[in-house]
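Trainee: Could you walk me through reading a structure, feature by feature? I would like the general idea each time, and then the case at hand.

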Amino acid sequence: MEFYNIMFKKILIANRGEIALRVIRTCKEMGIKTVAVYSTADAESLHVRFADEAVCIGPAPSSESYLKISNIIAAAEITNADAIHPGYGFLSENAKFSKICEEHNIKFIGASPDMIDRMGDKAMAKSTMIEAGVPCVPGSEGVIPDFPTCKKVAKETGYPVMLKASAGGGGKGMRAVWKEDELEDAWESARQESRAAFGNDDMYMEKLIEEPRHIEIQIVGDSSGKACHLSERDCSVQRRHQKLTEETPSPFMTDKLRKQMGTAAVKAAEYIKYEGAGTVEFLVDKHRNFYFMEMNTRIQVEHPITEQVVDFDLIREQILVAAGVPISGKNYFPQLHSIECRINAEDPYNNFRPSPGRITVLHAPGGHGVRLDTHVYAGYIIPPNYDSMIAKLITTAQTREEAISKMKRALDEFVIEGVKTTIPFHRQLMDDPRYVKGEYTTALMNDWQMNEPEEE
């Protein structure tokens with residue numbers, strides 16, 4: 001195609017696991033050479049095997065490898081990579097890394113340093129969205145300077161409230177407060193946790209939305225400031241603010257709400273002249289009022305379900321936009337139904353305790369409408385150093401009922417031995433009446449009890 005003459009010749013993937021392999025596959029289809037980076041713990045990972053080149057960037061701890069900017073830039077320079085794809089997690093939303101790539105004339109396939117800073121600071125992001133006219137949860141205007149102010153804002157907002165770390169993510173530094181006499185303890189503990197996790201204890205406050213759905217809108221913007229959306233994903237099934245399964249379209253969504261939320265997400269992206277793939281995340285209350293929560297300036301773990309229902313390669317689009325190719329500007333709406341189950345190396349019968357180790361047996365599910373994104377294989381050793389997600393199982397069908405039935409069959413067919421996984425949890429979830437009816441909120445897991453495992 002005509003745009004390949006301005007396309008990158010070689011992309012380094014600054015990540016590991018399934019997302020690194022996912023990026024490599026699209027690059028190969030586009031005729032772009034790839035460079036894998038890996039820690040000593042990942043020497044036998046599939047992303048290392050399938051990339052055109054591979055560079056070891058350090059020992060197992062991510063602070064000495066996947067988060068070591070100098071080592072990644074050095075790997076890009078010695079292999080003559082002209083772009084870096086950061087995947088998700090690690091350095092994908094690190095403004096310093098984005099800036100250093102820029103300084104070394106290496107294209108960062110992601111948001112600009114300024115955009116990452118603006119959207120990464122939750123309080124600043126909220127202020128920006130208020131300016132853009134995007135509905136936001138009532139609460140503090142920016143960072144709360146001290147506890148007396150915190151007390152005043154909570155009273156004005158009305159209990160219950162949610163304290164949130166301004167630099168936060170992954171549920172860290174968040175505290176729900178139901179009454180005034182709980183506020184001070186929550187304030188201190190949230191700040192302490194935020195300081196430990198992010199080196200920053202700035203807090204802001206929002207009204208706690210009761211019975212919320214967590215619904216996000218996938219957007220793509222180009223260098224001209226034009227943006228489009230690819231509809232919604234429902235990410236309400238969560239444990240400790242970590243997503244477990246996602247689906248699109250949301251069973252809670254109406255055509256009217258989808259249009260309103262899509263319009264708001266595009267408005268947000270165009271207001272800040274966002275370039276690249278990103279996600280605008282909303283909380284939606286039981287009355288279908290929606291409120292901006294945050295913006296992720298990267299590809300999401302759950303992006304495959306969007307790809308499945310609109311037949312669209314989001315990684316390819318990221319690469320094209322980074323190369324200066326304009327987007328079509330067309331909005332996309334789901335034509336099918338798709339569900340993703342995150343398969344983690346965790347024991348769901350033992351409070352989801354991590355279960356690293358060697359996979360002795362692996363049988364992958366297949367068949368019509370089944371997609372498996374994974375980097376593991378029989379004999380692979382899951383290291384204890386990183387996130388426990390080892391696979392994403394995606395089923396797609398004409399209807400939600402068919403997608404659930406397909407997921408049940410695929411989970412029954414998915415065999416992983418040698419380590420504990422969350423396959424039994426997802427199989428139980430697919431039979432849960434609340435899930436089956438689509439009548440679930442972010443509170444679904446609060447009273448979750450696993451059925452006793454069957455005798456082997």
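Mentor: Gladly, and let us start with aromatic rings. Rings of Phe, Tyr and Trp (its six-membered ring) pair if their centres lie within 6.5 Å. Keep in mind that this is a predicted model. Here Y66, F90 and Y386 form one aromatic cluster.

Trainee: How many aromatic pairs does a search of the whole structure find?

Mentor: The search finds 11 aromatic pairs. A pair of aromatic rings is described by the distance of the centres and the angle of the planes. Take F97 and F108: their ring centres are 5.7 Å apart and their planes sit at 85°, so this pair is edge-to-face. The pair links distant parts of the chain, with F97 in helix 4 (residues 95–103) and F108 in strand 5 (residues 107–108). F97 is buried, at 0% relative accessibility, and F108 also counts as buried, at 5%.

Trainee: What about the rings of F282 and F290?

Mentor: Their centres are 5.4 Å apart and the planes are at 90°, so that pair is edge-to-face. F282 and F290 are both buried.

Trainee: Which residues have the most contacts inside the largest nonpolar core?

Mentor: Look for buried nonpolar residues joined through their side chains. The largest such core has 55 residues, and those with the most contacts inside it are L12, I84, F97, M261, F282 and F292. Helix 9 (residues 255–271) gives the most to this core, with 7 residues. A second, separate core has 36 residues, including I19, I109, A322 and M389.

Trainee: And what does F292 touch?

Mentor: Setting aside residues up to four places away in sequence, F292 touches A125, K126, M129, V134, P135, C136, V137, V280, E281 and F282.

Trainee: Now a helix, please. Is helix 1 mostly covered or mostly exposed?

Mentor: First the general idea: an α-helix has 3.6 residues a turn, so residues three or four places apart point the same way. Helix 1 (residues 17–29) reaches 19 Å from its first C-alpha to its last, close to the 18 Å expected. This helix is mostly covered, with 10 of its 13 residues buried. Among the buried ones are G17, I19, L21, V23 and C27. Just after helix 1, G31 takes a positive phi of about 75°.

Trainee: How many disulfides does the structure hold?

Mentor: A disulfide is a covalent bond between the sulfur atoms of two cysteines. The structure holds 0 of them. The sulfur of C150 is too far for a bond, because the closest cysteine sulfur, in C136, is 19 Å away. C150 is buried, with a relative accessible area of 0%. C235 is in no disulfide either, as the nearest cysteine sulfur, that of C341, is 13 Å away. C235 also counts as buried, at 0% relative accessibility.

Trainee: With which side chain does the side chain of H337 make a polar contact?

Mentor: With that of E247, at 2.7 Å. Beyond its neighbours within four places in sequence, H337 is in contact with residues including E247, T248, P249, V309, T395 and R400.

Conventions: Residues are numbered from 1 along each chain as its sequence is written. This is a predicted model: local features need pLDDT of at least 70, side-chain atom pairs count only at pLDDT 80 or more; totals for chains, interfaces and linings use all residues. Side-chain values use heavy atoms; hydrogens and water are left out. A nonpolar core is a set of buried Ala, Val, Leu, Ile, Met, Phe, Trp, Tyr and Cys residues joined through side-chain atoms within 4.5 Å. Buried means under 20% relative accessible area, exposed over 50%, partly exposed in between (1.4 Å probe, protein chains only). Helices (H or I, at least four residues) and strands (E, at least two) are DSSP runs, numbered from the N terminus. Contact means heavy atoms within 4.5 Å. A polar contact is a pair of N or O atoms within 3.5 Å; within protein, one must be able to donate a hydrogen and the other to accept it, and residues adjacent in sequence count only if both atoms are side-chain atoms. The expected span of a helix is 1.5 Å times one less than its number of residues. A disulfide is a pair of cysteine sulfur atoms within 2.5 Å. Rings of Phe, Tyr and Trp (its six-membered ring) pair if their centres lie within 6.5 Å; planes under 30 degrees apart count as stacked, over 60 as edge-to-face and the rest as tilted.
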